[in-house]
Amino acid sequence: MKILFVCNEFPPAIHGGIGSFVYSMAHELVRHNWKCFVAGFDTSISATTTRVEDGIHVTRIRSPYSKYPGIHFGKYSLNLNFLLDRIYLSGQVKNLILREKILLVESFDSSGPLWSKPPAILIVRMHGAISAYQYYQRKSMSKLLWPLEHKNVKMADQLVAVSHHIGELTLLALHLRKKEFRVIYNGVNTDCFKPKGVRDNKTILYAGTVNRRKGTIELFKAFNMIGSK
């Protein structure tokens with residue numbers, strides 16, 4: 001089976017959770033004899049490169065529009081790079097799919113990276129769209145990103161969410177509540193992460209950015225619940 005991951009932060013490029021997830025998933029799939037491809041922008045390179053890294057076929061794309069300054073109208077400016085980049089990435093993904101005869105593509109929701117649906121089965125994994133977090137924090141939606149995130153989620157053949165909360169929140173924020181999704185929790189390498197010895201039942205581990213959207217408020221509420229018992 002051949003699978004292509006769309007990822008703009010595949011390590012060692014500057015990355016966050018999505019990059020770490022794709023890196024771990026791709027390596028594990030290769031270990032189980034899948035043929036894995038990764039394609040996405042990498043701002044640290046000067047030219048597009050394609051090479052095999054640990055058995056993974058990685059295409060790191062340099063945007064041809066990265067140096068475009070935009071058009072200025074007095075004190076206003078218009079920069080279409082965010083649209084041109086998505087169109088270009090979609091074209092590169094399409095070419096790779098047709099050349100390698102890839103049947104399955106996995107992308108992500110945040111910022112809506114693809115301009116058009118690729119000629120393959122498209123899975124969009126909902127890690128937490130920017131619109132979903134804006135909705136959760138009761139902030140105004142981005143007039144640029146909301147349509148792109150809406151488009152990417154809507155055109156998916158299958159939606160996967162990392163949790164019920166993220167899936168429901170994303171579809172609510174993007175006005176796509178009738179879309180169905182499946183929950184597949186992020187995996188853990190139990191060879192590296194497993195209980196060792198007796199754990200302190202009065203210690204809570206929090207791993208993540210200290211931010212409301214990461215559940216810190218719920219964590220503080222949990223402190224009160226534990227302290228009252």
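A salt bridge is a side-chain nitrogen of Lys or Arg within 4 Å of a carboxyl oxygen of Asp or Glu. The model shown here is a predicted one, and a search of the whole structure finds five such bridges.

Asp42 and Arg60 form one of them, with the closest N and O atoms 3.3 Å apart. This pair links distant parts of the chain, 18 residues apart: Asp42 sits in the loop between strand 2 (35-41) and strand 3 (49-53), while Arg60 belongs to strand 4 (residues 56-61). Are these two residues buried or exposed? Residues count as buried under 20% relative accessible area. Asp42 has a relative accessible area of 7%, so Asp42 is buried. Arg60 also has a value of 7% and is therefore buried.

Arg60 has another partner. Its side chain meets that of Glu53 in a salt bridge, at 3.0 Å from N to O, and Glu53 is buried, as is Arg60.

A further salt bridge joins the side chains of Lys117 and Asp157, at 2.9 Å from N to O. Here too the pair links distant parts of the chain, 40 residues apart. Lys117 lies in the loop between strand 7 (104-108) and strand 8 (121-126), and Asp157 lies in the loop between helix 4 (145-154) and strand 9 (158-161). Lys117 has a relative accessibility of 37%, so Lys117 counts as partly exposed. Asp157, at 44%, counts as partly exposed as well. As for shared partners, salt bridges join Asp42, Glu53 and Arg60 into one network.

The pockets come next. The largest pocket holds about 1300 Å³ of space. Its lining is made up of 35 residues, and those nearest its centre are Gly17, Phe21, His127, Val162 and Asn186. Which helix gives the most to this lining? Helix 1 does, with nine residues. Helix 1 (17-31), helix 3 (130-136) and helix 5 (164-173) each supply at least two residues. Sorted by class, the lining has 14 nonpolar, 14 polar and seven charged residues.

The second largest pocket has a volume of about 200 Å³. By class, the lining of the second largest pocket has four nonpolar, five polar and three charged residues.

Definitions and conventions. Residues are numbered from 1 along each chain as its sequence is written. This is a predicted model: local features need pLDDT of at least 70, side-chain atom pairs count only at pLDDT 80 or more; totals for chains, interfaces and linings use all residues. Side-chain values use heavy atoms; hydrogens and water are left out. On a 1 Å grid over the protein atoms alone, a cavity is a set of points where a 1.4 Å probe fits but cannot get out, and a pocket is an open set with protein on both sides within 12 Å along at least five of seven lines; lining residues have an atom within 4 Å of a point. Grid points are joined across faces, edges and corners, and a volume is the space filled by probe spheres set on the points. Helices (H or I, at least four residues) and strands (E, at least two) are DSSP runs, numbered from the N terminus. Ala, Val, Leu, Ile, Met, Phe, Trp, Tyr, Cys and Pro count as nonpolar, Asp, Glu, Lys and Arg as charged, and the others, Gly among them, as polar. Buried means under 20% relative accessible area, exposed over 50%, partly exposed in between (1.4 Å probe, protein chains only).
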